[in-house]
Amino acid sequence: MKRIGILSDTHGYLDEAVFQHFKDCDEIWHAGDFGNDVLAEQLRQFKPLRGVYGNIDGQDIRSLYPELLQWVCEDIKVMMLHIGGYPPKYNSHAKPLIISGKPQLFISGHSHILKIMFDDTLQCLHINPGAAGKHGWHKVRTLVKLDIEGKEMKNCQVIELGPR
């Protein structure tokens, strides 16, 4: 079993509470818009980190993280892309990637809108963890934790960090 901490859209701000909330996680996954590599390095020093770059990220982040990341966690095929949309309104770039890649878990960020929903058509769980940073129009900063055991995704938890 792996416990995963998922966040996005930090925009250069990393709340110290993230370390407390993710202390029992095996890995952290960042769905883009880190803001800078100092923030990414803090996360890397804390736990193993997977991430994708977002539209506001500069060359420092783009040189370390890809636009699209695909891997297998336990027995779950995962795909992560910063700008992806959500079921059934995936954007025109993400939809063919999802259809051809056939992930069981698709993670995106960008919208600053927390969404956790299952796509019955594609048999895929979609998670957008919302925004953990202070920049943007969201009112509450959020994180997500998820357990992956074999072929099961369970114990999904939304964590509110407080107001923007």
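This is a predicted model: local features need pLDDT of at least 70, side-chain atom pairs count only at pLDDT 80 or more; totals for chains, interfaces and linings use all residues.
Residues are numbered from 1 along each chain as its sequence is written, and side-chain values use heavy atoms, with hydrogens and water left out.

The structure holds 9 salt bridges, a salt bridge being a side-chain nitrogen of Lys or Arg within 4 Å of a carboxyl oxygen of Asp or Glu. One of them joins the side chains of aspartate 24 and lysine 145, at 2.8 Å from N to O. This pair links distant parts of the chain, 121 residues apart: aspartate 24 sits in the loop between helix H1 (17-21) and strand E2 (27-30), and lysine 145 in strand E11 (residues 140-149). Helices (H or I, at least four residues) and strands (E, at least two) are DSSP runs, numbered from the N terminus. Aspartate 24 is partly exposed at 34% relative accessibility, whereas lysine 145 is buried, with a relative accessible area of 10%. Here buried means under 20% relative accessible area, exposed means over 50%, and partly exposed lies in between (1.4 Å probe, protein chains only).

Another salt bridge pairs lysine 154 with glutamate 149, with 2.6 Å between the closest N and O atoms. Lysine 154 is partly exposed at 27% relative accessibility, and glutamate 149 is partly exposed at 36%. Through salt bridges that share partners, Arg3, Asp24, Lys145 and Asp147 are joined into one network.

Leucine 143, for instance, has isoleucine 159 in E12 as its bridge partner. The turn of the hairpin leaves 2 residues between the strands, and glycine 150 in this turn has a positive phi of about 60°.

Helix H2 (residues 37-46) contains both arginine 44 and glutamate 41, 3 residues apart, about one turn of the helix. An α-helix has 3.6 residues a turn, so residues three or four places apart point the same way. The side chains of arginine 44 and glutamate 41 form a salt bridge at 2.6 Å, N to O. Arginine 44 is partly exposed at 28% relative accessible area, as is glutamate 41 at 30%.

Which residues of H2 are buried? They are Leu39, Ala40 and Leu43. Seen down the axis of H2, the buried residues fall within an arc of 100°, so they line one face of the helix; the arc is that of the directions from the helix axis to the C-beta atoms. Val38 and Gln45, on the other side of H2, are exposed. The cover over the buried residues includes H1, E2, strand E3 (49-51) and helix H3 (59-62). At the N-terminal end, asparagine 36 caps H2, with a side-chain oxygen 3.1 Å from the backbone nitrogen of valine 38.

Histidine 138 lies in the loop between strand E10 (124-129) and E11. It is buried, with a relative accessible area of 3%. Its side chain makes a polar contact with the side chain of histidine 112 at 2.9 Å; a polar contact is a pair of N or O atoms within 3.5 Å, where within protein one must be able to donate a hydrogen and the other to accept it, and residues adjacent in sequence count only if both atoms are side-chain atoms. The side chain of histidine 138 also reaches the backbone oxygen of glycine 133, at 2.8 Å. Leaving aside neighbours within four places in sequence, histidine 138 is in contact (heavy atoms within 4.5 Å) with His112, Ala131, Gly133 and Arg164.

How values were computed
Two strands pair if DSSP finds at least two bridges between them.
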